[in-house]
Amino acid sequence: MTTPSIYYAFTSSRAFCLQIVFTLNIIYYVSDAQLNPLQLVLIGTIMELAVLLCEIPTGLVADLFGRKKSIIIGTIIIGGAHLLEGSIPSFTAIAIAAALWGIGWTFISGAETAWIADEITPEQLDHTLLNGAKFSSIGSFIGILTSVAIGSLFTVQIAILFAGAALLLIALLSIFWIPETKFVPITQGKPSHLHHMKRALQSSWNVIQSDRTLLSLASITLFMGLASEGFDRLWGAHFIENFQLNEHYTVYWFGLFYALTFLLNIGLLKWMEQIATSHFARLLMWLNTVLILFMIYFAFTTHFIVAVVLYLCVASLRNVNHPLMNKQLESKGRATTLSFYGQVDAFGQVAGGPLVGLIALYTSIEGGLFASALLILPTIYFLRIMRKSA
């Protein structure tokens, strides 16, 4: 196999395994582990916090000891995390697994791109990364279908354990499959991952604070992050608890939700990209206004089919925001600016998740979803600023 082919096989198989878990884990958390709304949100917060704290230290591991080692370590940790959460349906075990997942992901995130960039020519890189994203999408879609099959034939718990075991197998095979022939460890006096990260973030902040549009985009990213963690963790509980879905039927419904959202995102994003030209800020302002209204209606509707339609609309509209905002960034420095926005989004999720979880715990799941919708409201103000400055 060629190096790009190995890259495609690795990324798509990992995406396949992760999507099996992501499709069904909310069912497992609510039905098997009996987590309350605050605990549901804290799982995501713990994961995001682990990513924030470990991004730089694990990047140093990849720079010092090799990208291949870092990728394999990360895959082993994530596989072990899913085996842990699937084995013990309790908040403590799932929280530890979430922390491990976040740590494991930081071992993979930067190292994987750095590895493929080292092993192939610069001319091949863009094409390879684009194909890798396509293969990962295919792997994720097949993962949705597989999760439904395993969850319906066996149990949700078995599906999570299967994915964890498959990730450990992928890590084992990677020891023999993944070549690493061009890695050069950092030496004394050579800039490290930490040095590059600090310079990149400082450079991004200097650019953003001097540009009103970029500063507004950073503010929008923050409020989207504040709202996203609560909604991501509570929408599933809303369906399961408020519409009294049993586990067997929930597996089918959640599989359908993820599959339809996947297809809707592709179609909606292509359509939005065609019409998003000079009216970018106006388009996003209307999109987010509709998104807020749909989220509020979703929180309080008592009609199941209406809730299904609203959820699909909300999931699709949320996923359109970031790609459209990214198109407004100049090519020069885009990567570092996106890295800064990624940190802002993660900080928003860590800060907003517990707030929404507490509201949901002391009011209701509907109250938590309503709070998530309200946290998006400030984005309308910043989009109005962008319209005026355009």
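This is a predicted model: local features need pLDDT of at least 70, side-chain atom pairs count only at pLDDT 80 or more; totals for chains, interfaces and linings use all residues.

**Entry 1: how I describe a pair**

I reminded myself that two packed helices are described by the angle between their axes and the distance between those axes.

**Entry 2: α1 with α6**

I began with α1, which covers residues 3–32, and α6, which covers residues 156–177. At what angle do α1 and α6 pack? I got about 160 degrees, with the axes 8 Å apart. Angles over 145 degrees count as roughly antiparallel, and α1 and α6 are therefore roughly antiparallel to each other. I noted a left-handed crossing where α1 passes α6. I also sorted the residues of this contact and found 19 nonpolar, four polar and two charged.

**Entry 3: α1 with α3**

Next I stayed on α1 and turned to α3, residues 67–87. Here the angle is about 25 degrees and the axes are 12 Å apart. The limit for roughly parallel is under 35 degrees, and α1 and α3 are therefore roughly parallel to each other. Is the crossing of α1 and α3 left-handed or right-handed? I wrote down left-handed. On the α1 side, I listed F10, L18, V21, Y28 and Y29 as the residues in contact. From α3, the contact uses I71, T75, I78, H82, E85, G86 and S87. By class, I have seven nonpolar, four polar and one charged in this contact.

**Entry 4: α2 with α4**

Then I looked up α2 (residues 37–65) and α4 (residues 91–119). They pack at about 35 degrees, and their axes are 7 Å apart. I marked this crossing as right-handed. The α2 residues that meet α4 include L42, I46, A50 and C54.

**Entry 5: the nonpolar core**

Last, I checked the largest nonpolar core, which has 100 residues. Which of its residues touch the most other members? My list reads F231, L234, W235, F239, F254, F298 and Y311.

Leaving out residues up to four places away in sequence, F239 touches Q244, L245, F254, F257, F298, F304, A307, V308 and Y311.

Definitions and conventions
Residues are numbered from 1 along each chain as its sequence is written. Side-chain values use heavy atoms; hydrogens and water are left out. Axes are lines fitted to C-alpha atoms, for helices over the stretch in contact, and angles run from 0 to 180 degrees between N-to-C directions. Helices (H or I, at least four residues) and strands (E, at least two) are DSSP runs, numbered from the N terminus. Angles under 35 degrees count as roughly parallel, over 145 as roughly antiparallel, 65 to 115 as roughly perpendicular and the rest as oblique. A crossing is left-handed if the near helix is turned anticlockwise from the far one by less than a right angle, and right-handed if clockwise. Ala, Val, Leu, Ile, Met, Phe, Trp, Tyr, Cys and Pro count as nonpolar, Asp, Glu, Lys and Arg as charged, and the others, Gly among them, as polar. Contact means heavy atoms within 4.5 Å. A nonpolar core is a set of buried Ala, Val, Leu, Ile, Met, Phe, Trp, Tyr and Cys residues joined through side-chain atoms within 4.5 Å. Buried means under 20% relative accessible area, exposed over 50%, partly exposed in between (1.4 Å probe, protein chains only).
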